[in-house]
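Hi,

Here is the structure I promised to pass on. Have a look when you get a moment, and my notes follow below.

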Amino acid sequence: MPHYDVVILGAGAAGMMAGIEAGRRGRSVLLVDHAKYAGEKIRISGGGRCNFTNVNATIEKGRDRFLSQNSRFALSALSRYTPDMFIAMVRDHGITFHEKTLGQLFCDGPATQINTMLLGEMRKAGVTMVLETGVEKVERDESGDGFAVQLTTSSITCDSLIVATGGKSIPKMGATGLGYQLATQFGLRLTDTRPALVPLTFETGALDKLKELSGIAADAIVSHGKTSFEEALLFTHRGLSGPSILQISSYWREGDAIAVDLLPHQDAGEVLRAARKATPKVQVQTVLGSVLPKKLAHLLGEELDMTGMVGDFSDKKLALVEQKLKAWTLKPVGSEGYRTAEVTLGGVDTRDLDAKTLGARNVPGLFFVGEVVDVTGWLGGYNFQWAWASGWAAGQAA
Ligand SMILES: Cc1cc2nc3c(=O)[nH]c(=O)nc-3n(C[C@H](O)[C@H](O)[C@H](O)COP(=O)(O)OP(=O)(O)OC[C@H]3O[C@@H](n4cnc5c(N)ncnc54)[C@H](O)[C@@H]3O)c2cc1C
């Protein structure tokens with residue numbers, strides 16, 4: 001039976017990085033994936049331009065940008081494999097990139113350049129990869145120290161097994177629950193999982209109104225409790241999307257409301273008071289239409305009871321309008337789910353993993369990396385940085 005030092009399940013971002021690092025250390029490595037191609041999520045990421053890291057995904061700046069039941073867990077790997085290290089590899093491969101906003105680095109060209117780079121580095125490190133190969137069974141080998149892995153094509157053994165099979169998001173791209181099943185099989189705990197970085201949906205009545213705004217984008221501050229994100233908000237025919245909504249979806253829970261400030265840098269009160277003086281007969285919705293998309297101003301007027309001539313609005317009423325515009329309260333009923341979620345929140349419980357190596361505390365030789373672990377980054381390159389850093393950390397130890 002063929003034997004490898006390290007077998008890695010899942011040829012996504014974390015699995016490829018783990019393979020590169022283990023291979024560079026001279027370990028014999030087999031990387032297995034049931035998909036036709038490696039790095040399918042990298043290929044479609046960042047709108048096809050791969051937001052491959054964020055310059056702020058460091059322990060100094062990014063401490064609060066990784067959600068987990070143990071918010072400190074990710075810091076060890078992130079402090080040892082930094083965005084600068086990944087950027088250096090990108091530069092070495094001649095891949096040009098730009099910062100779009102908020103520290104987010106995107107390729108200038110297609111995202112497939114990142115896959116080509118990782119595949120090239122794997123080749124250099126001597127990693128063997130088999131695709132279109134499923135995993136039927138994993139168990140301890142006869143020695144009790146290694147693992148026996150039954151693939152759809154062959155049986156192999158290994159000293160170390162790295163599980164990098166990702167989360168549940170986008171099942172049609174190959175996501176399965178294998179990582180969670182293996183964690184449970186080997187006695188590791190799981191935290192609750194849910195779709196994150198996902199558009200939010202609304203009940204039919206509210207949706208019918210929002211649908212009218214489909215396609216409109218606005219800069220907004222979206223809040224849930226004390227957490228706020230100021231980024232674009234997009235009205236769609238299914239509800240709300242755009243970066244600010246995707247970000248808040250990681251914090252929102254069923255039954256909660258979110259607050260939307262559609263005029264983050266405008267003094268709506270000032271605009272309305274000036275209009276009251278200059279054009280008192282003009283409708284409030286028309287005035288708002290000078291600072292907001294017109295259709296949106298119209299809907300807000302109806303929704304928030306802000307109709308009538310601006311001249312008829314007392315100071316008190318104008319203050320109320322201003323207040324409503326700063327915190328338009330909406331109650332989503334759900335999300336679009338794993339079908340469109342960029343990531344899965346929750347996963348393998350970090351209490352059962354060593355933060356330095358990503359190794360299972362009670363199962364020597366078993367490692368979990370990337371999205372399958374209960375670590376979820378903000379939108380904007382944080383999730384890939386976690387995949388690189390956790391894959392690298394396990395590749396160093398496996
Ligand atoms: C549309 C979209 C856009 C995104 N854009 C960005 C972005 O720009 N920046 C960013 O930081 N993050 C982005 N993300 C998130 C990012 O893609 C993930 O965080 C990252 O891919 C996780 O890496 P991973 O290696 O842990 O898992 P994955 O990349 O999901 O890889 C898991 C691999 O395991 C394989 N696998 C699963 N089950 C089995 C099985 N049973 N047998 C064999 N193989 C199996 C899969 O085929 C897959 O190749 C995006 C996600 C999506 C869906």
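In this predicted model, helix α4 (residues 83-92) and helix α5 (residues 112-124) have axes that come within 10 Å and cross at roughly 90°. Angles of 65 to 115 degrees count as roughly perpendicular, so α4 and α5 are roughly perpendicular to each other. On the α4 side the contact is made by F86, M89 and V90, which meet I114, M117, L118 and E121 of α5. By class, the residues of this contact are six nonpolar, no polar and one charged.

Now to the ligand. There are 29 residues around it, and A14, D33, T176, E371 and F384 come nearest. Sorted by class, the shell holds twelve nonpolar, 13 polar and four charged residues.

For H34, a polar backbone atom is 3.3 Å from a nitrogen atom of the ligand. As for burial, the ligand taken alone exposes 1000 Å², and the protein buries 92% of that.

The elements giving two or more residues to the shell around the ligand are α1 (13-24), α2 (40-44) and α13 (382-397). The largest share, four residues, comes from α13.

Best wishes

Definitions and conventions: Residues are numbered from 1 along each chain as its sequence is written. This is a predicted model: local features need pLDDT of at least 70, side-chain atom pairs count only at pLDDT 80 or more; totals for chains, interfaces and linings use all residues. Side-chain values use heavy atoms; hydrogens and water are left out. A residue is near a molecule or strand if one of its heavy atoms lies within 4 Å of it. A polar contact is a pair of N or O atoms within 3.5 Å; within protein, one must be able to donate a hydrogen and the other to accept it, and residues adjacent in sequence count only if both atoms are side-chain atoms. Accessible areas come from the Shrake-Rupley method with a 1.4 Å probe; for residues, only the protein chains shown count as cover. Ala, Val, Leu, Ile, Met, Phe, Trp, Tyr, Cys and Pro count as nonpolar, Asp, Glu, Lys and Arg as charged, and the others, Gly among them, as polar. Axes are lines fitted to C-alpha atoms, for helices over the stretch in contact, and angles run from 0 to 180 degrees between N-to-C directions. Angles under 35 degrees count as roughly parallel, over 145 as roughly antiparallel, 65 to 115 as roughly perpendicular and the rest as oblique. Contact means heavy atoms within 4.5 Å.
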